[in-house]
Amino acid sequence: MAGYRGSNINPKKFERGQLKIFLVLLPLAIVMVIPIVYIFCHAFKPMDELFAFPPKIFVSKPTWNNFRNLFKASQSSGIPMSRYVFNSLVVTLSVVLASIVFSTMAAFALSKLKFKGKYMLMEINNAALMFVAVAVQIPRYLVIDTLGMKDNYFAHILPLLAMPVGLFLVKQFIDQVPDALIEAAYIDGAKDLTIYRKIIIPLIKPAIATTAILAFQAVWTNIETSNLYINDESMKTLPFYLNTLANANNNVAGQGMQAAAVLIQFLPNLLMFIVLRKSFMNTMANSGIK
Amino acid sequence: MAGKSTKRKKNSIARHENGNKSAYGFLAPYLILFSIFIIIPIIIAIGLSFTSFNTIQAPTFKAFLNYVNLITQDEIFMQYVLPNTIKYALIVGPGGYILAFLIAWALSQLTSVPRTILAIIFYSPSMTGAVAMAVVWKIIFSGDQMGLINNWLMNLGVIDEPIVWLTSAQFLLPIMIIVALWSSMGVGFLAMLAGILNADEELYEAAAIDGVKNRFQEMIYITVPTMKPQMLFGAVMAIVNAFQNGVIGVQLSGANPTPGYAGQLIVNHIEDYGFIRYEMGYAAAVSVILLLIVMVFSKVFGRLFSEN
């Protein structure tokens, strides 16, 4: 009994017992990371290294040529790449901001306000966690067509804003805010809107960061919208363009460009996660479904 | 003055206690979008599944004909799509999920710095997105001798000449499964990691007194039971991801239908009928079946984590 050394979870310092964990995890991590390292290096390989036989994972003389070619390729097509970048930025910013506002508002109501139908709405949203968007592509297309949203930014933005996972996580997080705090504010005469803005929002920054990450991941690499709901070339987004390019240059020379295109899509995601990871993990601790 | 303000305060609390109109205001934007883009499409899918609809003429009511055809006439569905989907979903869903839990648990046994670095490595594949993911693996599984995998296997003497991996009926599905497993350490994985790290220290102390001796016993007797809610969230995410990523076969092989229907999953079958053949009624019936399968999978997991 006296020998209790504390649990093995989240140890403060290195012990020999952790070696066997490393022994299993490290090889696995290396296998997982090889494709990413390979693509990363591929994007910076000059032509002779792309053609080198046998193929090497690492790059020895890095160059920006692949990225340059990527931009050049767009000059020969009718629409400049900057147009796709602009579309992607507009759509991504709108989706991230609007989904933060909408899901925190809805989560606040579901967590702290009393109204009829509250539990039913929560049940419905929990069930919607299982929602597989690709299954309803066709009816979604019909809805978007009927509402006249084809070929404009609304088709890019609005369908992505209803994110059941985001609402769920924010709601679980707001549940942790003590009711007493809110009661006190009501006694001081605060309105719901004031409570939302002055109490809830400052206290749930980690959940907001999490919503931002999830929304960003959903929208930044999204290609279905451009594929299905947008016919006008000049309204399509960057991932669509990069994908077209990747399919058009399906040879060894094109591989460098494809890898560069992958990096443009992947790096912002990775950086955002690395910067906001503490908030993300903080939110995830409350993610349980009871 | 004082009395008046007390009365007003009471009113505001009372209003807060019984049905609150402003709550609907807060909910409205989300609820409207949720209805338009999730609820209504599901209802339309169910409705259309009982019709024949080519997007030009109005739908005609066909009762259960689509479902009957799906089960009795659609040989491709029964011979390829359904078995492929079940094989894929069983390995990638539960398999990816167990892998995610074990890795999360192993990570929790490490100190903060190596844990964070490794967690980012494990999580990063899920961030690449379906299209970029396909490009990455297309290059690695490239069909000539320049392909990384072909080159390695030829050096090891396993194969004599390069294999055209992505258009081969034999290898497409296994490769899809590998790629899906590779990218399965997503949100659910992080949720489980956070759940394990957040566990109550006292429980572990009590368990040690009760005779729990090693890491493994600790995991089975304390970690798993205390983090069931996160486990369920992780499970739902794993299943949804498995089905959502089903498009990868078409991305990898560059064709729908995939070569010899080897990588054809339900998601691709829906696209094939909906957007290639414009048989929307039939595609809708397949969608409804897909939603049902996801629901059944999730319910089974729900049972698993609520009973004991």
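Colleague: Why is F266(A) called buried?

Modeller: A residue counts as buried if 20 or more other C-beta atoms lie within 10 Å of its own, as exposed if 12 or fewer do, and as partly exposed in between, with C-beta atoms placed from the backbone. F266(A) has 23 other C-beta atoms within 10 Å, so it is buried. Before we go on: this is a predicted model, where local features need pLDDT of at least 70, side-chain atom pairs count only at pLDDT 80 or more, and totals for chains, interfaces and linings use all residues. Residues are numbered from 1 along each chain as its sequence is written, while chains are lettered from A and ligands numbered from 1 in the order in which they are written.

Colleague: Where is F266(A) found, and which residues does F266(A) touch?

Modeller: F266(A) is in helix α14 of chain A. Leaving out residues up to four places away in sequence, F266(A) touches M127(B), T128(B) and A132(B). Touching, or contact, means that the C-beta atoms of two residues, placed from the backbone, lie within 7 Å. As for I100(A), 166 residues from F266(A) along the chain, the two C-alpha atoms are 22 Å apart.

Colleague: What makes up the side of chain A that touches chain B?

Modeller: The contact takes 83 residues from chain A and 87 residues from chain B. Elements giving two or more residues to the chain A side include α1 (18-43), α4 (81-112) and α14 (252-284). The largest share, 14 residues, comes from α14(A). By class, that side has 59 nonpolar, 17 polar and seven charged residues. Here Ala, Val, Leu, Ile, Met, Phe, Trp, Tyr, Cys and Pro are nonpolar, Asp, Glu, Lys and Arg are charged, and the others, Gly among them, are polar.

Colleague: How many helices and strands does chain A have?

Modeller: Chain A has 14 helices and zero strands, whereas chain B has 15 helices and two strands. Both are DSSP runs numbered from the N terminus: helices are H or I with at least four residues, strands are E with at least two.

Colleague: What is the kink in α2 of chain B?

Modeller: We compare axes fitted to the seven residues ending at a residue and the seven starting there; the angle between them is the bend. At A28(B), in helix α2 (residues 21-48), there's a kink of about 50 degrees, shortly before the proline P29(B). The buried residues of α2(B) include F26(B), L27(B) and Y30(B).

Colleague: What makes a nonpolar core, and how many residues has the largest?

Modeller: A core is a set of buried Ala, Val, Leu, Ile, Met, Phe, Trp, Tyr and Cys residues joined through C-beta atoms within 7 Å. The largest has 177 residues, and M192(B) is one of those with the most contacts inside it. Helix α4 (residues 75-108) of chain B gives the largest share of this core, 15 residues. Neighbours within four places aside, M192(B) is in contact with residues including F101(B), A104(B) and M231(B). A second, separate core of five residues includes I144(A) and Y229(A).
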